[in-house]
Amino acid sequence: MATPAKPVDDVYRAGFACFVGRPNAGKSTLTNAIIGQKIAITSNKPQTTRHVIRGVLHKENAQLVLVDTPGLHRPKTLLGERLNDLVRETWSETDVIGICFPADEAVGAGDRFISAEMAELKATVIAVVTKVDLVGPAVLAERLLAVSKLYDFADIVPVSAVSGHQVDNLVDVLVSHLPESPALYPDDVLTEEPEQVLIGELIREAALEGVRDELPHSIAVLVDEMIVEGNTTKIYANLYVERDSQKSIVIGTKGARLKDVGTRARAEIEALLGRKIYLDLHIRVAKEWQRDPKLLRRLGF
């Protein structure tokens, strides 16, 4: 069912591609695997991604700009509506769209809904069956057949971002559908996302580890200040939740969870920046921020 990558021609291609799909379909993990650096946060909680993060892959004959979007979902809050608008706006501006279908889950109503949304778009649409390392050949064949019936995809590629299976082939397929174009970014650019936004996302990822299912949607992070002093960067950040009870969960018994969040985030941020950091992290309660237009603007949505 997987289409072999098309032969690479002599022309230089550059353009934008994005992965879409229902929440937790493996889009961010796939983006990170292709770019080779952690630019989109990953978590086993749905709706982890809130910012459209662009990663740039530089090849000898092409430049692939990957756009990471939030998962399309049925919104329950103003934040949810804005995230869906962001997804649709991104779709309209990309050259290639890869719809991600997790191999370990049956094709469902959410997959059919997203596939139907593609009909109005000018972009080339391919199917990416993710997480193939989690299923056997019989289940994979069943998923590929089910996916092929959803839409007239230009290509169908099964991949595993975790094991690396077919990731290079997927890149070749994406590149083959890009327009002829000069490079869009300088050679040393891996992402155009501001450093403070990436750092805020890494802190939020650390805070998502091990919390209850209802909490992830209520967590937001704002990096207020970054000060470089010698070889150290001091980062002052606030982690926002919606209720006092959620604040207690994040802090943990005698502050143990918050300390763990700080340790985890600091290691990721130091890897991103390539230097030592001092992280000053505080928890704030911003009641019902997901439904408050002013708070949403302040938090970057």
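# A walk through the strands, core and rings

Four bridges, counted as 4, join β1 to β4, and these two strands run parallel. This is a predicted model. Within that pairing, Val-20 has Ile-99 of β4 as its bridge partner. Strands of a sheet pair through backbone hydrogen bonds, either parallel or antiparallel.

Now stay with β4. It also pairs with β5, again in the parallel sense, over 7 bridges. Ile-99 turns up here too: its bridge partner in β5 is Ala-127. So how much of β4 is buried? Of its 7 residues, 7 are buried, so the strand is largely enclosed by the rest of the structure. Both faces of β4 are covered. On one side sit Val-96, Gly-98, Cys-100 and Pro-102, and on the other Ile-97, Ile-99 and Phe-101; all are buried.

Next comes the core. In soluble globular proteins, nonpolar side chains tend to be buried together. Here the largest nonpolar core has 23 residues. Those with the most contacts inside this core are Phe-19, Leu-30, Ile-34, Leu-64, Val-128, Leu-170 and Leu-174. Which elements each supply at least two residues of this core? They are β1 (13-20), α1 (27-35), β3 (62-68), β4 (96-102), β5 (124-130) and α5 (167-176). The most comes from α5, which gives 6 residues.

Leaving out residues up to four places away in sequence, Ile-34 touches Phe-19, Leu-57, Leu-66, Val-167, Leu-170, Val-171 and Leu-174. Find Ile-34 in the structure, then look for these residues around it.

Now the cysteines. A disulfide is a covalent bond between the sulfur atoms of two cysteines. How many disulfides does a search of the whole structure find? The search finds 0. Cys-18 is in none, and the nearest cysteine sulfur, that of Cys-100, is 9.3 Å away. The cut-off for buried is under 20%.

Rings are the next stop. A search of the whole structure finds 3 aromatic pairs. One of them joins Phe-101 and Phe-153 edge-to-face, at 6.0 Å centre to centre, with 75 degrees between the planes. This pair links distant parts of the chain. Phe-101 lies in strand β4, while Phe-153 lies in the loop between α4 (137-148) and β6 (156-158), and 52 residues separate them.

Another pair is formed by Tyr-236 and Tyr-278. It is edge-to-face too, at 6.4 Å centre to centre and 70 degrees between the planes. Tyr-236 is in strand β8 and Tyr-278 in strand β9, so the pair ties together parts 42 residues apart in sequence. Are these two tyrosines buried or partly exposed? Tyr-236 is partly exposed, at 26% relative accessibility. Tyr-278 is partly exposed, with a relative accessible area of 39%.

Look at β7 and β8 together. Strand β8 covers residues 232-241, runs antiparallel to β7 and is joined to β7 by 9 bridges. Opposite Leu-222 stands Asn-238 of β8. Opposite Val-223 stands Ala-237 of β8. The two strands form a hairpin with 2 residues between them. In the turn, Gly-230 has a positive phi of about 65 degrees.

Technical notes. Residues numbered from 1 in each chain as written. Predicted model: local features only at pLDDT ≥ 70, side-chain atom pairs only at ≥ 80, totals over all residues. Heavy atoms only, no water. Pairing = 2+ DSSP bridges. Disulfide = S-S within 2.5 Å. Core = buried A, V, L, I, M, F, W, Y, C linked by side-chain atoms within 4.5 Å. Buried < 20%, exposed > 50% of the residue type's maximum accessible area, 1.4 Å probe, protein only. Contact = heavy atoms within 4.5 Å. Phe/Tyr/Trp six-rings, centres within 6.5 Å; stacked < 30°, edge-to-face > 60°.
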